[in-house]
Amino acid sequence: MAWTAGDPSAAEALRRGRILSSRLYLDGVPSSKAPVVYSPAYDIEFNGIEKQHPFDSAKWGRVRNFLVAAGLLQDDRIIEPLEASEDDLLVVHSESYLSSLKSSAMVARIVEVPAVALLPNLLVQQKLLYPFRKQVGGSILSAKLALERGWAINIGGGFHHCSAEEGGGFCAYADISLCIHFAFVRLNISRVMIIDLDAHQGNGHEKDFGSDGRVYTLDMYNSGIYPFDHVAKKYIDQKVELDSGTKTEDYLEILDKALKVAESRFQPQLILYNAGTDILDGDPLGSLKVSPEGVITRDEKVFRFAKDQSIPLLMLTSACFNWASFVMCKISNVFRVYSVEPRFLTSTLKLSSGMDSDLEMELITAFSMLFF
């Protein structure tokens, strides 16, 4: 990282000081709260700009609304994080990188929405980067909750294309790297496994931890799509490259083998699961052909991989281009594996794999299928 130039011990002391002085860990979270982190500020909605990228940047609120409306989670049990401050971000990012985000043109390149370049940067900070910073705060806090409760979910985050010095792919801040560095200092752990099952390579965290033996990365991704980062590939501890069009049965078989290898190679104290659902058949960018049931099974395999070894697991939601599949495949499966009882479930409709239709009743049925 560029900011560590000079005396490495002084740079590390500065990093440690910033982490210890941060307010993001919200000490004293009541036990009545669920280890589920979310803020209404996560959503990015401004003059239709959220519709100019396939990534659904307003999905998080719909996820929360569905969970509450379906009785799967009480609103007053959700934990709201603080916004990551500049000092928090400087734990990983350089001052020069953060300064570059004061250019609307730079932010437009990172989020891949050219129209953002035309907006005043004050507006970009408020409507686009502030939601990202809240999600960063959520990822960092969720690691603490995972160590305390055994599992935690940030309904947001997973910006795996952003490294200390470079953003991209709709990822402006390196929440994964930040989350892990905070955990090393504040949670007294020294071994973290990243299981990145987003359809895209997690090139950001790979660059940040390329020479750090405390972090083991299992990255299983479609090698035929963005980001084609051959430098970052050299830093992956366990690289599993898939072909476009990989189907459910093959995907799950490959994952089983990969998890067995990971278990034999590294014994983590925390698993960070970047659980993108862009592997779903029909996703506009992932180019894989995994069924909704296959995504459910994938998530369950990772949850059981962690639970069977009594390793705390933090799930970040990462890329998803359909909010319905996002809810169905992630939140419900965590609740099931970790024996969290829903308050009520109903409906007799069949599970649908449609990508854009109104799926609320079908989703309720999907939850019923999972729990009962």
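**Helix packing and burial in a predicted model**

Me: At what angle do helix 5 and helix 6 pack in this predicted model?
Reply: Helix 5 spans residues 104-111 and helix 6 spans residues 121-149. Their axes lie 10 Å apart, and helix 5 passes helix 6 in a left-handed crossing. The packing angle between the two helices is about 35°.

Me: How many charged residues does the contact of helix 5 with helix 6 have?
Reply: Helix 5 contributes S104, V107 and V111 to this contact, while helix 6 contributes N121, V124, L128, L129 and F132. Sorted by class, six of these residues are nonpolar and two are polar. The number of charged residues in the contact is therefore none.

Me: Is S139 buried or exposed?
Reply: S139 has its place in helix 6. Apart from neighbours within four places in sequence, S139 is in contact with N154, G157, G158, D175, C179, L314 and L316. Because its relative accessible area is 0%, and the cut-off for burial is under 20%, S139 is classed as buried.

Me: What percentage of the residues in the chain is buried?
Reply: The chain has 372 residues, and its secondary structure comes to 13 helices and seven strands. Its accessible surface is about 14500 Å², with 50% of that surface belonging to carbon and sulfur atoms. The buried residues make up 61%.

Me: Among contacts between residues at least 6 apart in sequence, what percentage joins residues at least 24 apart?
Reply: The contacts considered here are those within the chain whose partners are at least 6 apart in sequence. Of these contacts, the percentage that joins residues at least 24 apart is 74%.

Note on methods
Residues numbered from 1 in each chain as written. Predicted model: local features only at pLDDT ≥ 70, side-chain atom pairs only at ≥ 80, totals over all residues. Heavy atoms only, no water. Axes fitted to C-alpha atoms, helices over the stretch in contact; angles between N-to-C directions. Helix = DSSP H or I, 4+ residues; strand = E, 2+ residues; numbered from the N terminus. Left-handed = near helix turned anticlockwise from the far one by under 90°. Contact = heavy atoms within 4.5 Å. Buried < 20%, exposed > 50% of the residue type's maximum accessible area, 1.4 Å probe, protein only. Areas by Shrake-Rupley, 256 points an atom, 1.4 Å probe, with all protein chains shown as cover.
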